[in-house]
Amino acid sequence: MKRFMARSFMDLIWDYAVFIVFIIFSTLFPLWGRFFGKKEKTKADYVFGLGTISMGAMMLSIARGTLGVRSFLGYPSELFYRGSAMWETLYGMVTAYPVVCFIFIPVYFNLGVTSVYQYLDLRFNSRLVRCLASGTYIVRSLLNLGVTVYTPTVAMNTVIGVPYWASLIGISAISIGFNLLGGLKAAITADVIQGVTMILISLGIIVQAMITVGGFEKIFTIPANDDRLNFFNFTGDATVRVDTTSAWLGQLFMSLSIFGCQQNFVQRYLSMSTFKEVRRTLMSNIPVVIVLFCLAWIVGMGVYAVYAVCDPMKAGYINKMDEILPFFVEDKFAYLPGVLGIFMASLFNGALSLNVSNLNSLATVTWEDFLSHLPRFKGISDKQQLNIIKFIGSIYGVIVMGVGFSVGLLSGVIESSMLMTSATSGPLLGVFLLAMLVPIANWKGAACGMVISHIITLWITFGSLTVSKEVILLPTTVEGCTNDTFSSGITKPTKSWLLANTPLEVESEFPYFDTTTQAPAPTVTGFPQNIYSVSYMYYSLIGTFLTVVVGTLVSVLTSHTDDAYDRKLLHPIAYHCSKIFPGKERRYITNPDIRPKDVEGAVESGTKKSPLEELERDNLGFDTVSEQSGVTVVSVDPIPPKLDRPEVYRKHDTEAAH
């Protein structure tokens, strides 16, 4: 395979050296504490880090997980060839943060759960609902991680000639090592290194673009004059790939599903010691995400300003849209040895850090939601649980590597896996909204809502693949191409089967970039083609709506007294609103399985305060109880009455007593 640059090995010696040194540093530094600092002694240490993670590191880690590798490669190519429409997904992303902060986190933080899907079991008293949700997360994550680890391997093969199989094995091997030696703290440290590196590289690209075009203002004026910056486009057409409405709504529901219902994010929230700290971190993260998000788009504006009169793809120097940024680095930084190496190392490390944190979360979910309930694992020690979680993570690392190899060999796997992400976000979000905000919701409604929503959204998803859609790219030109446009040594690549049949995609969480250009097709109307033509930006909204509506209706029809649950599993605002409606008051029980985690720094040993006290003061003060008909029922009395009888627990929770 011939790369798009034709320099010899000796010309690239500095790039190879920098690449290797950076990978070694970014791998060993996060694990330094494993050998010379405090080691993870318990499962909680490994999964949550137990207060050893600073607020700044957590903010950058959450931001990195929010944006991922796609912000580094995908957004610049998106602006170059399609304009700024996807930039407006920022509205939905920013809107999601306060919703997650004040709706989801108050409920989770009360419970002391390890797996976010454990909450569904507590709320609905149903292993079925819990397994449906966690199984969906596992399958979706494995598919997306396969794409994530494969993406930089194609770029590195194209740019510096590293065989894609070698990169794939390297990422997987280092990820497994991280999983065995580190934990959440190591994963977050890797995220910080990756985040800082990408910021510095992005700033360097912007400065280089500014020097090339002759001024910072031209980075903005050239794209604006060529119709690349077009905001607030309300088309009213649900079949348009993306406009302002679909960007905001689609991203909002997608982000709520990911930030609020996905283990790797919730695991970070619960690693903090107080709800106030979580709230401060999330709300402070909004400007961080805005800056990092916009930085990637400004990079795209700079790259476009440089190549506005000579498009490398149209000129035949690159094959895929997403190769435009690696091409720019190779072209414009040829005079500075090592820059290309650190750029490619950041892509490698980006996939690595995402893989590490997700393997940790996948292993935790698999253990807590599936294996820990098997008879042979009952009563095992905490140390044994930790070893099992690490072993599961290693197995998942091998599986992800296998999926990555499959992505390289099979055409169409990438787009299908990303569509799966969009299709499964809605049902996941819907079942959590049912649990938190719909007091009458029971396990029958939740299960039916998820199953029906999955069936319909997957039907629409795969049906959309049968409809020919016009992929419109903004016009580019090669009229300004000269012999001096590109650096010496840059040559046109030869075709290879692998690159010709494997789209270079950059998504791990969001299905945004479908780079295969299709010829315009005649518009097909009528059912079901008009449903298939709906933009995938709306899939998460559709799935959420179906889950909530179907789940509520089925719950109303199948309501039973056995559906009682602990009031702490319901959001206080939802409980307060339910008191306003007429009808028989719901009955709630006290569940001994709910054990809020302790806050560090108690006044006296043995009298540590639960975050529940602080949390429920924030939650409108709905923290008192009264007793009716032998069942503990929540009330809003300012002083809790004294209980004369023992509280009633769920039937299967017999091991705890007061």
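## Packing in a predicted helical chain

Of the chain's 658 residues, 59% count as buried, where buried means under 20% relative accessible area, exposed over 50% and partly exposed in between (1.4 Å probe, protein chains only). This is a predicted model, in which local features need pLDDT of at least 70 and side-chain atom pairs count only at pLDDT 80 or more, while totals for chains, interfaces and linings use all residues. Residues are numbered from 1 along each chain as its sequence is written, and side-chain values use heavy atoms, with hydrogens and water left out.

Reader: Of the contacts with a separation of 6 or more, what percentage joins residues 24 or more positions apart?

Author: Contact here means heavy atoms within 4.5 Å. Among contacts in the chain with a separation of 6 or more, the share from residues 24 or more positions apart is 84%.

Reader: What does phenylalanine 432 touch, leaving out residues up to four places away in sequence?

Author: Phe432 is among the core residues that touch the most other members. With residues up to four places away in sequence set aside, its partners are Phe104, Tyr108, Val116, Tyr117, Tyr119, Leu120 and Cys261.

Reader: Is leucine 145 buried or exposed?

Author: Leucine 145 sits in helix α7 (residues 127–160). Not counting residues up to four places away in sequence, leucine 145 touches Leu354, Asn355, Asn358, Leu362 and Val400. Its relative accessible area is 4%, so leucine 145 is buried.

Reader: How many Å separate the C-alpha atoms of valine 147 and alanine 351?

Author: Valine 147 is found in helix α7, and at 0% relative accessibility valine 147 counts as buried. Helix α7 also holds leucine 145, which is 207 residues from leucine 352 in sequence and 9.9 Å from it in space, C-alpha to C-alpha. Valine 147 and alanine 351 are 204 residues apart along the chain, and their C-alpha atoms are separated by 9.4 Å.

Reader: Are α18 and α21 roughly parallel or antiparallel to each other?

Author: Axes are lines fitted to C-alpha atoms, for helices over the stretch in contact, and angles run from 0 to 180 degrees between N-to-C directions. The axes of α18 (residues 443–464) and α21 (residues 539–557) come within 7 Å and cross at roughly 150°. Angles under 35 degrees count as roughly parallel, over 145 as roughly antiparallel, 65 to 115 as roughly perpendicular and the rest as oblique. The two helices, α18 and α21, are therefore roughly antiparallel.

Reader: How do the residues in the contact of α5 with α11 divide by class?

Author: Helices α5 (residues 89–111) and α11 (residues 244–261) pack at about 30°, with their axes 7 Å apart, which makes them roughly parallel. Their meeting residues include Phe104 and Tyr108 in α5 and Trp248 and Cys261 in α11. Ala, Val, Leu, Ile, Met, Phe, Trp, Tyr, Cys and Pro count as nonpolar, Asp, Glu, Lys and Arg as charged, and the others, Gly among them, as polar. The division is 14 nonpolar, seven polar and no charged.

Reader: How many polar residues does the contact of α12 with α15 have?

Author: The axes of α12 (residues 263–270) and α15 (residues 339–369) come within 9 Å and cross at roughly 90°, so α12 is roughly perpendicular to α15. In α12, Gln263, Asn264, Gln267 and Arg268 meet residues of α15 including Asn358. Beside one nonpolar and one charged residue, the number of polar residues is eight.

Reader: What is the phi of aspartate 227?

Author: Most residues other than glycine have a negative phi. Aspartate 227 lies in the loop between α10 (218–225) and α11, and at 52% relative accessibility aspartate 227 counts as exposed. Although it is not a glycine, aspartate 227 has a positive phi of about 65°.

Conventions
A nonpolar core is a set of buried Ala, Val, Leu, Ile, Met, Phe, Trp, Tyr and Cys residues joined through side-chain atoms within 4.5 Å. Helices (H or I, at least four residues) and strands (E, at least two) are DSSP runs, numbered from the N terminus.
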